[in-house]
Amino acid sequence: MSEEASLLEEFLAESAEHLTRTEADLTTLERDGEDEDGELVRRIFRAVHTIKGSSGFFGYVRIGAVAHAMESLLDRLREGQVKPTKELLGVLFEGLDQLSSLFADIENSNSVDTSELEAQIRAFLPGKSEAAKPCDTLKQQPTDTPVPPEILEELPCGHHLYRLSYDLRQMEKEHQIGPMALVERLSSFGNIHDGELEPTGQNLREGIPEGVHYRLYFSSVLEKEFIADAVLLPPEEIDEVAYAAPDTAAIKALAPQPVAKPTASLTESAKPADSERHAEAEFLKVRLEILDKLMALAGELVLVRNQQLMIADLDNAEERGITQRLDIVTSDLQETIMRTRMQPIGGVFSRFGRVVRDLGRKLGKEIEIETVGSDVEIDKNILEALIDPLTHIVRNSCDHGVETPEERERQGKPRGGTITLRAYHEGGQINVEIQDDGAGVDREAIRRKVLEKGLKSETELRALSDPELLGLIFLPGFSTNDKVTDVSGRGVGMDVVKSNVENLGGVVEVQSDEGDGTCIKLRLPLTLAIIPSMIVETCGQRFAIPQINLEELVTLYDEDVVERIECAGSREVFRLRDTLLSLVHLQEVLERSEPFTEEARREATERHRKTRQTRHAEFQASRIAGKPCDWQLGFAVLKIGGSRFGLVIDRIVGTEEIVVKPMHRVLKELPIYSGATVLGDGHVALILDVQGIARHSGVQMDEPQETDGKESKEIILEGADERRRLLLFRNQPDEQLALPLEQVSRIEHIEMKHVERIGERDYVTIHGTSVRLLQLDHYLDLSPTPKKDEMYAIIPKTSQQPYCILVPELVDIGEFAFQMNTDTYRHTGVEGTGLLDGKLTVVVEPEAIARMAEPQWYREAA
Amino acid sequence: MNMEATETLEAVDTTQVVAFRLDDRLFGVDIRDVKEVNEEVAVTHIHHAPKNVSGYLNIRGQIHLVVDLRTEFGFAKAPTRPTSRVIIFKTSVDEPFGVLVDSVQDILEIDPERLVDRRAKEAVVGRSELRRARKDLCQGVYPLAKELLMLLNAHAILPKEGN
């Protein structure tokens, strides 16, 4: 594509901007009912005028014609000759819509019949008699080519009419000004009439051909001596063909338009143009393509920087200095480039004024829009992708949310409903809320629709909580519209909104109070591109966890691994300061491609518990044997919003800033990944989607902290005055005993056939050492200990001589709420009794048992 | 990669095909769909991905999805060899992706008129394997001097939307 074809692109892009701004301005004008300083109308006029002028360059005649009609009307509006009534503005809206649709199919725009619309617009123009032309005289210069009479008629008072001719190629070369920029410039000084390309039939779609001239009539209050500079032509080439001298007496009758003194008007009309242009100089129009390329390059630079960090010799002071500087510059560059793509969300919010206006009219409702946080900036890509979902939600609010004025009055609400669009930053994310003060979500209607469409059964529905019921509106195929109107029930639906938002890495929620209105909240990441992350390793593979989801890292060493991880029901938990954190093993998540069932959770928890016990024993053995050993378990405390859980990983690698690449479309459905990235060493690592993992594993997350300590969902915590760390075991099935964990060194698994009897004493060899085996039923009032082939030996922490306590069945290890009673059952060897899980539990003192069994061990002790 | 064409026909309208081997059988894809052939084959496994996905591969900073055609045809899994390559397809076919093959042969010119039908396809990959593979993936079989080549449709390798 040649550079010059971009002229057409430029025209399309600029016209689109003009149309969008004009729509917003017209909406404001209609809502306010008047235009105090005339600024709005002037702006609208200039936008339409520019479109008219530029369209001529490309031969889009219908666009030019519609724009011309609108311009004539706007001109009268500007002069105060007509008032901005609802009907007049209405026809301008229609003109705007027609222009939009012509632009949408620009190649065929010339074959569209716009004559009716043009007539409708012109119908608002004041008749010749009304258009009190208080101009005294129309002085005309003699000229060979007659001036078209319409132009003379339209010539405002105090304006000069010039005939200008531009060699466009030359203008570009000499003054570096393209055709459309030229039109804009001229428009700021006056009005263009009948601009034409010569030779006729030419257009600039392929660029500026040689020898093509742009001829036009130009009216302006500027006098000939001042105009040369403005129009960038030498005075000899400017042809003044007419001048409408103002009638000084009639001037006061005119609306505030600076026509009194040419010099005064020169400064006045020049000033707004000037200051506008000056303000414009602070902004630069850059092709999006270039910004995207900049973003990509910044991403590559981050990758190279990461690679360099890996091979840098940080001991060398010079290298270290360079590495640091490179790091700083790269981060700054990346941040700044990201900001170039940030745009205020107000740009999107402003569209809805029109949407709401049209819909309100159509539905016979009075609806207003309010925006809060229009300044909040979002990455352009996210912004673009938000337009459709937001539009759908707003339309929904208008259609289903806000009630008719009569209904609202009946409810004691104000007749007009309000939709509030709110945007704000929070927790590193963008929040967008659409709140209406309408009827709220009709729960019954949801139930009905869901049953009708067979999306859920009666029983399933009954089991749903209110938030879950509301969530049903996101099911595909759901729409509470009976007839498919073109308002919002196209069958597109909230499910598309949800998936669009989720594709951006965001979440959407509904909150609604019946009768009071609905609030739809969207939460989105600030940017998709580069994020800081923590690299972890599991199953020999590396994964990235976005820093934003990471709260802290915990590593447990040695005995803590088995002592501080407890099992509650089917889950493993860790007591993190004041809360109980549920743990999930990343390995389990990776190995199961189906969401976890309760069974799976139970099985995994049990397996890990046994593994821990075994490893504990091995660890203890190594310790006793004096072999170097270390045992550790690491997990990451992950958070989504305020809720947290722990993810057990094999190893923590380190932090890295990564460039986020979206998942391939074929893998987009996989919930546990939110994207992929290339690490510093060139390997691909998957980025974990924390919410996806939480849902997949069904982990029970902890609630955001409450300082009044009311969370007591755990049975373990319930009404606990006294908490003790105990090892629970059973003698007979209905006899539960416990040993204080602080006194337990380890648990060994023994086979009864290895037990040796010497006289009255039993011994068993554990890791090469002969250990005295004590049976509790010999010393306490218990039923006989069942003899199984395999049993457990509990080895105490301190002992005079090696001994262990024989246990047929282990129940659990953990911290329990336990009120111990030391009075009811007094017996040597029993510390106390109490109820645990409704069962009477006897807490044993191992030392006392040993003393009973082998008093001679303790004789020497002082 | 050997760029020589070993078979040329006088037919006017020929298609150029990149020939490759999988499990010692010969396959080909239209060269117009191929972006490049790359030696990098160290793929990152993706848990939970469908069976026919080998994993992700980094090529010059861009992440490509690598598909294992073996599962498509029911061939046994095999480790990569020194001759293994990844054939990367153009983005006009789909989002960046490629297929892992045992070796890449020559570029052949074939006459589309001479593509043979289904029964011949079975001769190359076997009836049950053909049934397992998707119909649109196998465009036809082309008889060469010493063996048959199965022409594959690159656009049919990845499942379409909604599948």
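Predicted model: local features only at pLDDT ≥ 70, side-chain atom pairs only at ≥ 80, totals over all residues.
The interface was examined first by its extent. Chain B and chain A bury about 2,000 Å² between them. Carbon and sulfur atoms give 60% of that area. Three residues of chain B, namely B:H47, B:H48 and B:Y56, supply 36% of the area that chain B buries against chain A. In the contact, 23 residues come from chain B and 23 residues from chain A.

Polar interactions also cross the interface. Between the two chains, 14 residue pairs are in polar contact, counting pairs with both residues at pLDDT 80 or more. On the side of chain B that touches chain A, β4 (53–59) and β5 (62–67) of chain B each supply at least two residues. The largest share comes from β4(B), with 4 residues. By residue class, this side of chain B divides into 12 nonpolar, 7 polar and 4 charged residues. The rule finds 1 salt bridge across the interface of chain B and chain A. B:D94 forms a salt bridge with A:R665. The closest N and O atoms of B:D94 and A:R665 are 2.5 Å apart.

Attention now turns to the sheets of chain A. One is an open sheet of 6 strands, in the order β15-β19-β20-β18-β17-β16, with mixed pairing. β15 (550–557) and β16 (565–568) of chain A each have a single partner strand, so one side of each is left without a neighbour in the sheet. From one strand to the next, the twist averages 35°. Strands β19 (residues 632–640) and β20 (residues 643–649) of chain A run antiparallel and are joined by 7 bridges. Within this pairing, A:F635 has A:V648 of β20(A) as its bridge partner. Helix α24 (residues 690–697) of chain A lies across β18 (579–585), β19 and β20 of chain A. The helix runs at about 105° to β19(A).

Another open sheet of chain A has 6 strands in the order β26-β30-β31-β29-β28-β27. Its pairing is mixed. The edge strands are β26 (744–751) and β27 (756–758) of chain A, and each pairs on one side only. Here the twist averages 40° from one strand to the next. Strand β29 (residues 769–775) of chain A runs parallel to strand β31 (residues 803–807) of chain A, and 4 bridges join the two. A:L773 has A:C804 in β31(A) as its bridge partner.

Terms used. Residues numbered from 1 in each chain as written. Chains lettered and ligands numbered in written order. Heavy atoms only, no water. Contact = heavy atoms within 4.5 Å. Buried area = accessible area lost by both parts, 1.4 Å probe. Salt bridge = Lys/Arg side-chain N within 4 Å of Asp/Glu carboxyl O. Polar contact = N/O pair within 3.5 Å; in protein donor to acceptor, adjacent residues only side chain to side chain. Nonpolar A, V, L, I, M, F, W, Y, C, P; charged D, E, K, R; others polar. Pairing = 2+ DSSP bridges. Axes fitted to C-alpha atoms, helices over the stretch in contact; angles between N-to-C directions.
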